[in-house]
Amino acid sequence: MLAVLSPGQGSQKPGFLTPWLALPGAEARLRWWSALAGVDLVRLGTEGDADEIRDTARTQPLLVAAALLAAERLPLHDVRVTAGHSVGELAAAALAGVLSPEAAVTLAGVRGREMAAACALEPTGMSAVMGGDPDEVLAAVEAQELHLANSNGANQLVIAGAVDRLAKFAANPPAGTKVIALKVAGAFHTPYMAPAERALAAVAAGIVPTDPARILLSDADGAPVGDGREMLHRLVRQVTAPVRWDRCVHQLVALGVTAVIELAPAGTLAGLIKRELKGTGQVPEIVTLNTPADLPAARDLIARHGGPAGPVPATPFRVVLAGAAGTFTPAPELAEGAVVGSGQVVGTVSTRAGSVEVTAHDSGVLTGWLAQHDDPVAPGQPVARIGGQLS
């Protein structure tokens, strides 16, 4: 089984799109997407220096466009699985058929601009934490009122929050850890990005997604998502929620993935997979697709490991949907892991006309909240996930 992966922010390199522009139609495609994203993708991908393409507003649409451009040169009908890291998840959703390429690039443009604007509101940042006991690290993160932003696997976490609190964490790190400040604009995948999430949600509300045509993994928990509306909701929520790439890697193993193609600009995700699965005997064969010269190897990998797309596996959970537009409040007595009965109230939506109860349609275990306290929700939007089945 073969998976195609789309990288996230930080994988870009100056000039990385230059060799792709030699392909017929590539420049015209990028100019069309530039109009949608509001940035000059051709110039950024060929002439932009490291500082310019590190700018969040430019980087995010550039990465999504690059992944999609490379993917268009592959026979994807034999690819079973797609996934993406952070903003790369927009490209993965397009490759799975949930979004059109145009919608993915447009959302990446909005996401990048709004996250950059949110970063400017107060001084925040991110740091990589390597090594140490994970429980001790997370306890220290919580003690400093910081947030887990990425769990990338191979005992590598990325934390985020106020700059002064990150400095205090680095000055007294947990035992056995190495802390490296990252050159980013702010605290991505944390509540500091709430204004960006709201702005992205307003644009995403005008998109009609379709259900994925192949297995699409979610950064939220690594689970396959078979519903297009839920995936679009997750893409929006991801702006303030941590990226669990470690769970995506282990889901690839659980699905029986034997080969991986990482789309341009490739290398980061391949490295994470190799480090996380080192010594397990489960490392898939990997092709990093950085230039058109890598296309023959990628096509050969698809020929040897690909297969008919087949049905998307059944999602091992159900979702609880909001019945009205307003702001959501979870039931205070319910925590993740709680048993929920059919018809039980799991929260309320505050509307102009009053409070509307949100009830579960099935019995099971509350495996995760998809909306938090005071989050704006729309009718039919998933607010909680129920797993398992009680007899």
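Modeller: Start with a polar contact: a pair of N or O atoms within 3.5 Å, where, within protein, one must be able to donate a hydrogen and the other to accept it, and residues adjacent in sequence count only if both atoms are side-chain atoms. This is a predicted model, in which local features need pLDDT of at least 70, side-chain atom pairs count only at pLDDT 80 or more, and totals for chains, interfaces and linings use all residues. Residues are numbered from 1 along each chain as its sequence is written, and side-chain values use heavy atoms, with hydrogens and water left out.

Biologist: With which side chain does the side chain of Glu-285 make a polar contact?

Modeller: The partner is the side chain of His-305, at 3.0 Å. Glu-285 sits in strand β9, residues 285-288. Helices (H or I, at least four residues) and strands (E, at least two) are DSSP runs, numbered from the N terminus.

Biologist: Which residues does Glu-285 touch?

Modeller: A contact means heavy atoms within 4.5 Å. Not counting residues up to four places away in sequence, Glu-285 touches Thr-258, Ala-259, Val-260, Leu-301, Arg-304 and His-305. Ala-37 is 34 Å from Glu-285, C-alpha to C-alpha, and 248 residues apart in sequence.

Biologist: Now Ser-151. Is Ser-151 buried or exposed?

Modeller: Ser-151 is buried, at 6% relative accessible area. Its place is in strand β4. Beyond four places in sequence, Ser-151 is in contact with Gln-156, Leu-157, Val-243, Arg-244, Trp-245 and Asp-246.

Biologist: How many residues has the largest nonpolar core?

Modeller: A nonpolar core is a set of buried Ala, Val, Leu, Ile, Met, Phe, Trp, Tyr and Cys residues joined through side-chain atoms within 4.5 Å. The largest has 75 residues, and Leu-99, Ile-261 and Leu-263 have the most contacts inside it. Helix α4 (residues 56-71) supplies the largest share of this core, 10 residues. Apart from it lies another core of 19 residues, including Leu-217 and Val-249.

Biologist: And empty space? How much lies in the largest pocket?

Modeller: Rolling a probe the size of a water molecule over the atoms shows where empty space is left. On a 1 Å grid over the protein atoms alone, a pocket is an open set of points where a 1.4 Å probe fits, with protein on both sides within 12 Å along at least five of seven lines; lining residues have an atom within 4 Å of a point. The largest pocket holds about 1,300 Å³. Of its 48 lining residues, Glu-197, His-233, Arg-237, Gln-238 and Leu-370 are the closest to its centre.

Biologist: Which element gives the most to that lining?

Modeller: Helix α10 does, with 7 residues. In α10, 9 of the 10 residues are buried, so this helix is largely enclosed by the rest of the structure. His-233 and Arg-237 are among the buried ones. Asp-227 caps the N-terminal end of α10, with a side-chain oxygen 3.1 Å from the backbone nitrogen of Arg-229.

Biologist: Which residues lie nearest the centre of the second largest pocket?

Modeller: They are Gln-9, Gly-10, Ser-11, Leu-182 and Val-184, out of 31 lining residues. This pocket has a volume of about 700 Å³. Helix α12 gives the most to its lining, with 4 residues.

How values were computed:
Buried means under 20% relative accessible area, exposed over 50%, partly exposed in between (1.4 Å probe, protein chains only). Grid points are joined across faces, edges and corners, and a volume is the space filled by probe spheres set on the points.
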